[in-house]
Amino acid sequence: MERQVKAAYLYRFAGYVEWPAGALGAAHLPLTIGVLGADALAAELVQATAGRKVEERPVAVRRLQPGDSLGDVAILFVGKPETPRLKALLAMVQPRPMLVVTESDSGLAQGGMVNFLVLERRVRFEVALDAVERNGFRLSSRLLSVAQKVHTGGN
Amino acid sequence: MKRAATWLGTAAVACAAAAQGAGDLAELTLEELGSIEIVSASRRPERLSEASASVYVVSGELIRRSGVRTLPEALRLAPNLQVARVDGSQYAISARGFNNAIGNKLLVLIDGRTVYTPFFSGVFWDQQDVMLEDVERIEVISGPGAALWGANAVNGVINVITRRAADSQGVLAVADAGSRDQGLALRYGGRLGDNGFFRLYAKTDRVDHTASEAAAPVADGQRRRQIGWRMDWGSAADGFTLQGDAYSGKSDERAAFGTVQIGAVETEGANLLARWTRRLGDGSDFRLQSYYSHSEREDRLVYRPRERIFDIEFQHGFARGGHRLLWGGGWRHARDDIEPALFLGFDPQRKSSRWANLFVHDDIALGEKFSAVLGAKLEHNGYTGTELLPSARLEWKPVQGHFVWSALSRAVRAPARLDRDIRLPPQPPFLIAGGPDFVSEVAKVFELGYRAQPSPRWNYSATAFRHSWDRLRSGQVPPNALVQNMIEGSTWGVEAWGEWQPASWARIGGGLVLLRKDLRVKAGSTDPSGPANLGNDPQHQWSLRAAFNLPHRQELDIAVRRVGALPQPAVPAYTTADLRYGWRVSPALELSLIGQNLFDPRHPEFNAAPGRSEIPRSVWLRLRWTP
């Protein structure tokens, strides 16, 4: 159930990111959600996005292995087991408009931008606004208004 | 608060989701995703007797979108409630009829604390306030909840549930300034060590007075202040909560009554509540709750009650075979001191009352599609001894997403001091001299309901009900009129509502209630006014609501409602509209422009012309800041 809710969130987040022009490639190309270290969630994500579009683009789900190229990934979800290596992974990639989502307490500290929290048996999320801005894109304020907490950097 | 965490809206979504998977969850909004309760696979999702009842859940999000400022106005959002604004600060609120300012058939709780006043079994709505921004949801159950909630839950139960401290962290400031009312509310929430959270709030409100239909100003405005706090450790299922509030209020100064100075109505009160919940090793859960509250009302015209209440209750829930059992008990002690004023007195002036109850509730699975819920409560009160309040319900789930239920219950409205001890005027010779033999009013209730959530985009619900009444309160011809139980009859009707989300940025909802009453005075009674005294109710009321999310972080909410004419005293039917335009300027700041009662410059909702208040159109600006 938790995985299904997180998968649904990932699909929804795509509609609340203000992608800079050209960031997602030509208009017919899919919006790719990459999943690292969370195979079961990737399966839910495939179900959640089947036949659906985000801003007229189909959605593609890629199961990633460490070392895979992230060049076409628009949203990267990093499962709990892979979170400790996130910082190193992001260090090897040029800052680009890619929403990094984690599900671990240390997620934002590792460079994540959105982190899932489970509070009172409900799935919520927190946002690190400074990480988003550093990568050259913006999040819709609708997303920010629903976030449990928005960190603006410095804390 | 009983284990009535009726996440009806979200439970319906969660149940649908559990079967259909992430695919249909993808249609939900961010807010809805954030409100789904994820249940671990090992336990059956909680499904309680209230699911087989006529329940409407007013969510915190709906309260915010509607722009309402006070608790009674928030209750208008529930289609199964009759809410009539009597004047600047008084309301008459009921469900399924019998509405008047001393309405006694509705049980109202805030976080498990009963806020209806035992000595007249009704609610002083000008003494009940909460910080609406921190209300998680309001569960409105129309119909008898007696088997679980006790006597006086005859026509319904309103359960106001505030957010846990962990869900109300940081600073929140809300300021309202408008043509008639102003208010300021501040809240701060933080952590308590490793495992705890707290919040603290303070609010002040000023409600403007109204004018009567004869255009004379009425001294019914009110200024009030309230502070409160809440501390939680652990989680809702396994933790400890301590909370409390204190308030004081003062109405406008009223003109002298003849030669007597009657001043203003002054109110004050405070409460303290502790709740301990525990999930035990065998999967069962346990709750122990206790509260103390005191309230005072100083009204030199009508009467001056002071009341202290102490309440302690527990419940234990467990599963055995196909049964999910819930049982528990409670004890309440109330001490009141009602000083006489010009109109009313009570004899004796001071009294201590005690109530004790024991209840049992069994949710029995009868195969894949059916279940039965059997419940009974035994309640003892000082006037009529022990009352038995049984209820039986049957639930049928023909296909996923559709739910049919039926219920048979016996509910009772036990005597209150108002019935037995009232003296009008306070000194003899009396016009009304109490009712020494007044016993409980009884209702036998049959309900049939249908609820469906065919897709996450729309849901609807309809309930048909019939209450058979006996021993309703009646009077006699004065002087020395006694309060008796000589009215009987039946009330029946339909409650329905639905919600549709045509696009991700629009939601439309509506509700309808139809009510018919057939009450008569029994032979042998000399009651001069008859059933009209028991409540003034419309035969129909409906509401329509639309919420739009506009580009550039703007929101527009429109609500239209119509309430049918009231028979006696005659009040014309009215249709009115409320509007809210909101703009999120930044993640921390939201501005809203809110208008209420927009169709007519003023309209009455209750009481007799020409002295009754007219509720005027009002507009205000709201600022909401969460840094």
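Which residue forms a salt bridge with Glu605(B)? Hi everyone, let's start there. The partner is Arg561(B), and the closest N and O atoms are 3.5 Å apart. By salt bridge I mean a side-chain nitrogen of Lys or Arg within 4 Å of a carboxyl oxygen of Asp or Glu.

A quick word on the model. It is predicted, so local features need pLDDT of at least 70 and side-chain atom pairs count only at pLDDT 80 or more, while totals for chains, interfaces and linings use all residues. Residues are numbered from 1 along each chain as its sequence is written, chains are lettered from A and ligands numbered from 1 in the order in which they are written, and side-chain values use heavy atoms, leaving out hydrogens and water.

Back to our pair: Arg561(B) and Glu605(B) are both buried (under 20% relative accessible area; exposed is over 50%, partly exposed in between, with a 1.4 Å probe and protein chains only).

Next, Arg230(B) and Asp111(B) form a salt bridge at 3.7 Å, N to O. Arg230(B) sits in strand β12 and Asp111(B) in the loop between β4 and β5, so this pair ties together parts of chain B that are 119 residues apart in sequence. Strands here are DSSP runs of E, at least two residues, and helices are runs of H or I, at least four, numbered from the N terminus. Arg230(B) is buried, at 3%, and Asp111(B) is buried at 3% too.

Now over to chain A. Arg134(A) and Asp130(A) meet in a salt bridge at 3.5 Å, and both lie in helix α4, four residues apart. Arg134(A) is exposed at 58%, whereas Asp130(A) is partly exposed at 24%.

Over all chains, the count comes to 65 salt bridges.
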